[in-house]
Amino acid sequence: MAQIIIDKQNGELAFRLERFIDLSQFDHIQRKNYYSLIILKDCQLKLLVDFSEHQLDGSYMICLAPYQPYMLTSNTSHTGVLLNFHPDFFCTYRHQNEIETEGVLFHNFNQPPYFKIEQIETFYSLIDQVSKEMGEESIAQHEVLVAYLKIFLIEAVRQKKQFDQQNFNSLFGYQSEVMQRLIDLIENRFCEIHAPQDYADILSISSKTLARITKKYLNQTLTDLIINRIIVEAKRELYLTSKSVKQVGGELGYQDEFYFSRVFKKKVGVSPDLYRRTVGFAKLEKE
């Protein structure tokens, strides 16, 4: 049964906790305008996220950002916990210096949006406390739930960082230097360099070889890797600032506002304007 808090100002979902007994609600592509954290114990399933397939076997947490497309399928039954929160309830970007969720749990353009849980009881203990708090009408409930959510996210970030490091080392082996140089290069120059060939030239490697390595180890094309990093930054700007879509696109290397909007909508599923209206935090600049 789901426990839900609705934002009284706009009628939208603010915070939600559900213990589910099957995967039926996840058996089709979803794009929600809030964050989703899914805990699965001893699972065997297929995760389709951002149109890439991943096989999960064990206890995992799946971390999904607003409008990130995903679906779960399995031939066996699964129980788990679903935690949703809207950016109006808790702004991850605003607390980035404290928790570092962005780029680790969410909007991590070069690592999968999940990790294998090593200490699952830690999360279940926090879930129990959240459930108890949501079951009571008490003073400062929002502040208490945010405090629990922060602890939950901090523990998730710690385990995700460890998982990502182990995953990176085991996947890349001798090619880890090439991949790390590519990732660093994209991080530093994604606003000015959009062409895969340019990255290959800078790294002194053939474009075919770089494309093959990227596809093999990150399950993405090099073009997607570049665009995904651009979209992460676009979301951050739309999320936090009042800059126009044209200005955001221009700063990311797109002089044609309409072309930038098409690229964004193709990746995110909604236009930059709609993303800002349903997720964005531009109003913070006016507070």
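How many positive and negative side chains does the protein have, and how far apart do the centres of the two sets lie?

## Charges and ground rules

There are 33 positive and 37 negative side chains in the protein, with 4 Å between the centres of the two sets. In this count Lys and Arg are positive and Asp and Glu negative, while His and the chain ends are not counted. Each charge is placed at NZ of Lys, CZ of Arg, CG of Asp or CD of Glu.

A word on the source: this is a predicted model, where local features need pLDDT of at least 70 and side-chain atom pairs count only at pLDDT 80 or more, while totals for chains, interfaces and linings use all residues. Residues are numbered from 1 along each chain as its sequence is written, and side-chain values use heavy atoms, with hydrogens and water left out.

## Overall build

The protein has ten helices and seven strands, assigned as DSSP runs (H or I of at least four residues for helices, E of at least two for strands) and numbered from the N terminus. Along the principal axes, its C-alpha atoms fill a box of roughly 60 × 45 × 35 Å. The radius of gyration is 19 Å, which agrees with the value near 19 Å for a compact globule of 287 residues; this radius is taken over C-alpha atoms, and the globule rule is 2.2 Å times the number of residues to the power 0.38.

Of the 287 residues, 52% are buried. Buried stands for under 20% relative accessible area, exposed for over 50%, and partly exposed for in between, with a 1.4 Å probe and protein chains only. The accessible surface comes to about 14200 Å², and carbon and sulfur atoms hold 48% of that; the areas come from the Shrake-Rupley method with a 1.4 Å probe. Among contacts (heavy atoms within 4.5 Å) with a separation of 6 or more, 70% join residues 24 or more positions apart.

## Aromatic rings

The structure holds 16 aromatic pairs. Rings of Phe, Tyr and Trp (its six-membered ring) pair if their centres lie within 6.5 Å; planes under 30 degrees apart are stacked, over 60 edge-to-face, and the rest tilted. One of the pairs is Phe85 with Phe90: the ring centres are 6.1 Å apart and the planes meet at 70°, so the pair is edge-to-face. Phe85 is buried at 0% relative accessible area, and Phe90 is buried too, at 2%.

Ring pairs also link Tyr67, Tyr254, Tyr259, Phe260, Phe264 and Tyr275 into a cluster.

Beyond its neighbours within four places in sequence, Val248 contacts Ala234, Glu237, Leu238, Lys243 and Phe260. Val248 is buried, with 1% relative accessible area.

Ser131 sits in helix α2 (residues 120-134). At 19% relative accessibility, Ser131 counts as buried. Leaving out residues up to four places away in sequence, Ser131 touches Gln3, Leu17 and Arg19.

Most residues other than glycine have a negative phi. Asp42, in strand β3 (residues 35-49), has a positive phi near 50°. Asp42 is exposed, at 58% relative accessible area.

Ser204 also has a positive phi, of about 55°, without being a glycine. Ser204 lies in the loop between α5 (196-203) and α6 (207-218), and counts as exposed at 68% relative accessibility.
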